[in-house]
Amino acid sequence: MFNPRRLSLARKRRRLNAKVLAEKAGLAVDTISRLENGGNVPDDTTITKLIQVLNFPKQFFFDQDPQEIDTGAVSFRSFSKMSARERDAAVSAGSLGLQLSTWIEERFSLPAPKLLDLSYETDPEIAAHSVRQSWSIGERPIGNLMGLLETKGLRIFSLSENTATVNAFSFWRDDKPFVFLNNFKTAESSIFDAAHELGHLVMHKHGDPKETRSAEREANGFASAFLMPAKDVRAVIPRRITIDTILHHKKRWRVSAMAMAYRLHSLRLLSDWQYKSICIELGKRGYRAGEPGGIDRETSVVWRKVLTQLWSEKITKNDIADSLHLPLDELEGLIWNLAGLDQRPTKLGGGPRAIK
Amino acid sequence: MEYARLGPIETAPRLVGDSMLYYLMVDQSGAAELTRPVVSGGTFLAAVERIYLSSGDDDPAVLSEDIGPVDNFDPQVVRK
């Protein structure tokens, strides 16, 4: 039976409003509205028109209700800068990510979540220290944050939104923490975003993490303290700090030059004047728009293992997409830049195969 | 190394109870030491004892492995 919620989901993923979808499909706007409200059931001709525009497999529209995400329970960065269309597209990607996650976890056992619930904690420094303590990593820098987070049970997906206004978002579902990262940004930014989302997941688990200034400040403070522990920074950073000091030492904590300058300022190792001067100079050298000479992007160990195992069984991403009734581009988007595998078979030889 | 100007102390070290008085000497490059000097007429004469704290070259931490990065993570993924 045609599922109206899936029509809404596909439309939002394609960043179309009802009016534009109607125009492209040669249908009336009212028709789209009635279909999405469940008031009408489309005939075959209408379905064909919708499929041509949305480019989703026909079977997608006849599956059970998608696992919808409560936007009130999702932590967004830069929420205020996002348009409703961008937000809907990102949340819809989250819904498809849940579908993919269910598919994976029916076939693989993944690490159980081991996150503290620090909803009571309002000091990001203490929260970051508590998480480090519970994970037994002391004050040492983290050489592979994504590997650490996956070991502790975070489910990490990619956001294929090539827009600066959607950085990342996270939420809890069935006691599992989900993080969606915008992998179009620099490697350093993605690492900071992941730590920021970890902050939301442990500090705002039960609250309404919709963007409020204090929640964002807490998550930023958490990320900064988690990635650059105060004691380690004080032990390593020399007394006289120049821009070259920052460019040299930022590699230790795998953060951007701007993020490191901010941390040094917040730890009072840089005066207001020094911080301002360094920010201006970093901007001139291109560190505001990007990260010249940056580090390599971190990749997901979990996704690499899962895809490698599936490929060894001759199950390709095409097969996964077919099984989920998703277009390949949507599946690719959810794991884009995550697996770190260059050689990706798109379709192996042989006939149809059962996917267990 | 330039030493901070001292007061009119005749000799050092001097006893403060059961403790010795050390001077923290810091030069412009950041080199630092604790010194028990002999001072006469406000002028440094000699050092009885010098404890070097830092050479002042701007990399104080020689990183050993135990404070290097942690990166050996291997999340377990098992096929059902």
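**Exercise 1.** In this predicted model, determine what kind of interaction the side chains of Lys305(A) and Asp74(B) form.

*Solution.* Begin with the separation: the N to O distance is 2.6 Å. A salt bridge requires a Lys or Arg side-chain nitrogen within 4 Å of a carboxyl oxygen of Asp or Glu. The pair Lys305(A) and Asp74(B) therefore forms a salt bridge. Across the interface of chain B and chain A, two salt bridges are found in total.

**Exercise 2.** Describe the extent of the interface between chain B and chain A.

*Solution.* First, count the residues: 23 of chain B are in contact with 34 of chain A. Next, consider the area: about 2,400 Å² is buried between the two chains, and carbon and sulfur atoms give 52% of this. Finally, identify the leading contributors on chain B: Phe73(B), Val77(B) and Arg79(B) supply 29% of the area that chain B buries against chain A, more than any other three residues.

**Exercise 3.** State which strands pair between the chains, and in which direction they run.

*Solution.* Strand β2 of chain A (residues 108-109) is joined by two bridges to strand β6 of chain B (residues 78-79). The two strands run antiparallel. Within this pairing, Ser109(A) has Val78(B) as its bridge partner.

**Exercise 4.** Decide whether Ala225(A) is buried or exposed.

*Solution.* Locate the residue: Ala225(A) lies in helix α9 of chain A, residues 213-227. Its relative accessibility is 4%. Because the cut-off for buried is under 20%, Ala225(A) counts as buried. Beyond its neighbours within four places in sequence, Ala225(A) is in contact with residues including Pro124(A), Ala128(A) and Arg263(A).

Definitions and conventions
Residues are numbered from 1 along each chain as its sequence is written. Chains are lettered from A and ligands numbered from 1 in the order in which they are written. This is a predicted model: local features need pLDDT of at least 70, side-chain atom pairs count only at pLDDT 80 or more; totals for chains, interfaces and linings use all residues. Side-chain values use heavy atoms; hydrogens and water are left out. Contact means heavy atoms within 4.5 Å. Buried area is the accessible area (1.4 Å probe) that two parts lose on being put together, summed over both. Two strands pair if DSSP finds at least two bridges between them. Helices (H or I, at least four residues) and strands (E, at least two) are DSSP runs, numbered from the N terminus. Buried means under 20% relative accessible area, exposed over 50%, partly exposed in between (1.4 Å probe, protein chains only).
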